[in-house]
Amino acid sequence: MSMTQHAEPAVTTPPAPGPKAADGRTAQRPLALRLLARPEVGVFLGAVAVFVFFLVMAPPVRDGSSMANILYASSTIGIMALPVALLMIGGEFDLSSGVAVISSALTASMLSYQLTLNVWVGVIVALVVSLAIGFFNGWMVVRTGLPSFLVTLGTFLILQGANLAITKLVTSNVATDDISDMDGFAQAEKIFASTFQVGGVTIKITIVYWLVFAALATWVLLRTKYGNWIFAVGGNKESARAVGVPVNFTKITLFMGVGFGAWFVGMHQLFTFNTVQSGEGVSNELIYIAAAVIGGCLLTGGYGSAIGPVFGAFMFGMVNQGIVYAGWNPDWFKAFLGVMLLGATLVNLWVRQSATRR
């Protein structure tokens, strides 16, 4: 007689469905926290506060022409702040961006005038030079592994000295000659420095370019593979390289993007004032970087947006012109900017902590 027993399979009844346990990893966060997680929210609130402040303290700001001047001042900062912000998201800095603007304008002006060429020849050569400067910065960073702070600090000093020395050598002056009567100037002026009327208010074309470039940069960051590469190399370049991201290509092209921005702003300055002062541009790179930081870009890379620097540049333009319209001593401008930078940084820190707090 077999001692083996065959147990009948147990019949189990599935438990009645009940409420699912909350999972902190998948639970939907409140809308307010999701909004706070956006890098541009803090600077938007700051920009509104600065705007309201000067709206109350400086009544001329309420005039349409005054607001057009504020937007114009913001646009000349904002156009450069955009590629600088993308570069920072990619984990790098460019301290040569301020003097690179002047280098581009000097190249176009002196080449056209001294060789009696159509100004478009100078414009195109200046573009090549600006892109080459950006390529050099990026290539040096990825080739040597040196911090971009050191590489671009060296480029900054080289360009600053070359701007002054070459201009004096070629023109026997610290400024270039007037090119307003040269062939091609009128056409270039329409593209880089024209104005148009809206409701009787004169609007500079750079405001339009600023907004178009911001929309394009936002699309690149959020809707393209290249935008994913930017965030990846800024977050962790070794991990990005391990999953197939072309780290060197991304970083070099980001530096070249800064070169393109320097060229564009340089052409605007040249065709607005007809001449270029060779000693200008120094310290502007700090304003571009500050606008990006105020706009929510982290110094460590891997985080930020293109919309945030738009509001950051607007805050700079608002303060710059608002102090004048309020009748205050303009010497306080840099001090005000320092306070604004620290304040915005603290607000951004609080916003990110609030967004990640459960």
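Is Ser-172 buried or exposed? Keep that in mind as you read these notes on the model, which is a predicted one.

1. **Ser-172.** To take the opening question: Ser-172 counts as exposed, because its relative accessibility is 68%, and the cut-off for that word is over 50%. You will find Ser-172 in the loop between helix 6 and helix 7. Take a look at its backbone too: Ser-172 has a positive phi of about 60°, although it is not a glycine.

2. **Asn-274.** Here is another residue with a backbone angle to check. Asn-274 is not a glycine either, yet its phi is positive, near 70°. Its place is the loop between helix 11 and helix 12 (284-294). Is Asn-274 buried or exposed? With 19% relative accessibility, Asn-274 counts as buried, since buried means under 20%.

3. **The chain as a whole.** Now step back for a moment. The chain has 358 residues, and 44% of them are buried. Its secondary structure consists of 14 helices and 2 strands. If you take the contacts between residues at least 6 apart in sequence, 76% of them join residues at least 24 apart.

4. **Helix 4 against helix 5.** Two packed helices are described by the angle between their axes and the distance between the axes. For helix 4 (residues 97-114) and helix 5 (residues 119-144), the axes come within 8 Å and cross at roughly 145°. The crossing of helix 4 with helix 5 is right-handed. On the helix 4 side, the residues that meet helix 5 are Ser-104, Thr-107, Ala-108, Leu-111 and Ser-112. Their partners in helix 5 include Val-119, Gly-122, Ala-126 and Ser-130. Sorted by class, this contact has 8 nonpolar and 5 polar residues, with no charged ones.

5. **Aromatic pairs.** A pair of aromatic rings is described by the distance of the centres and the angle of the planes. How many aromatic pairs does the structure hold? There are 18 aromatic pairs. One of them is Phe-51 with Phe-314, a tilted pair with 6.3 Å from centre to centre and 45° between the planes. Phe-51 belongs to helix 2 (residues 41-57) and Phe-314 to helix 13 (residues 307-325), so this pair ties together parts that are 263 residues apart in sequence. Phe-51 counts as partly exposed, at 26% relative accessibility, whereas Phe-314 counts as buried, at 14%.

6. Phe-192 is in helix 7 (residues 185-192) and Phe-271 is in helix 11 (residues 247-273), so the pair links parts that are 79 residues apart in sequence. Phe-192 is buried, at 3% relative accessible area, and Phe-271 is buried, at 1%. Phe-192 and Phe-271 also belong to one aromatic cluster, which has Trp-120, Tyr-209 and Trp-263 among its members.

7. **A charge over a ring.** Which ring does the charged end of Lys-204 sit over? That ring belongs to Tyr-72, and the charged end of Lys-204 is 4.0 Å from its centre.

8. **Ile-89.** This residue lies in helix 3 (residues 64-89). Ile-89 is buried, with a relative accessible area of 0%. Ile-89 and Gly-302 are 213 residues apart in sequence, but their C-alpha atoms are 4.8 Å apart in space. Leaving out residues up to four places away in sequence, Ile-89 touches a list of partners including Leu-221, Phe-231, Cys-297, Gly-302 and Tyr-303.

9. **Leu-153 and Asn-236.** Finish with two residues that count as partly exposed: Leu-153, at 33% relative accessibility, and Asn-236, at 40%. Leu-153 is in helix 6 (residues 148-171). Apart from neighbours within four places in sequence, Leu-153 is in contact with Leu-95 and Ser-148. Its C-alpha atom is 7.8 Å from that of Asp-94, which is 59 residues away along the chain. Asn-236 sits in the loop between helix 9 (225-235) and helix 10 (237-242).

Notes
Residues numbered from 1 in each chain as written. Predicted model: local features only at pLDDT ≥ 70, side-chain atom pairs only at ≥ 80, totals over all residues. Heavy atoms only, no water. Axes fitted to C-alpha atoms, helices over the stretch in contact; angles between N-to-C directions. Helix = DSSP H or I, 4+ residues; strand = E, 2+ residues; numbered from the N terminus. Left-handed = near helix turned anticlockwise from the far one by under 90°. Contact = heavy atoms within 4.5 Å. Nonpolar A, V, L, I, M, F, W, Y, C, P; charged D, E, K, R; others polar. Phe/Tyr/Trp six-rings, centres within 6.5 Å; stacked < 30°, edge-to-face > 60°. Buried < 20%, exposed > 50% of the residue type's maximum accessible area, 1.4 Å probe, protein only. Lys NZ or Arg CZ within 6 Å of the ring centre and 35° of its normal.
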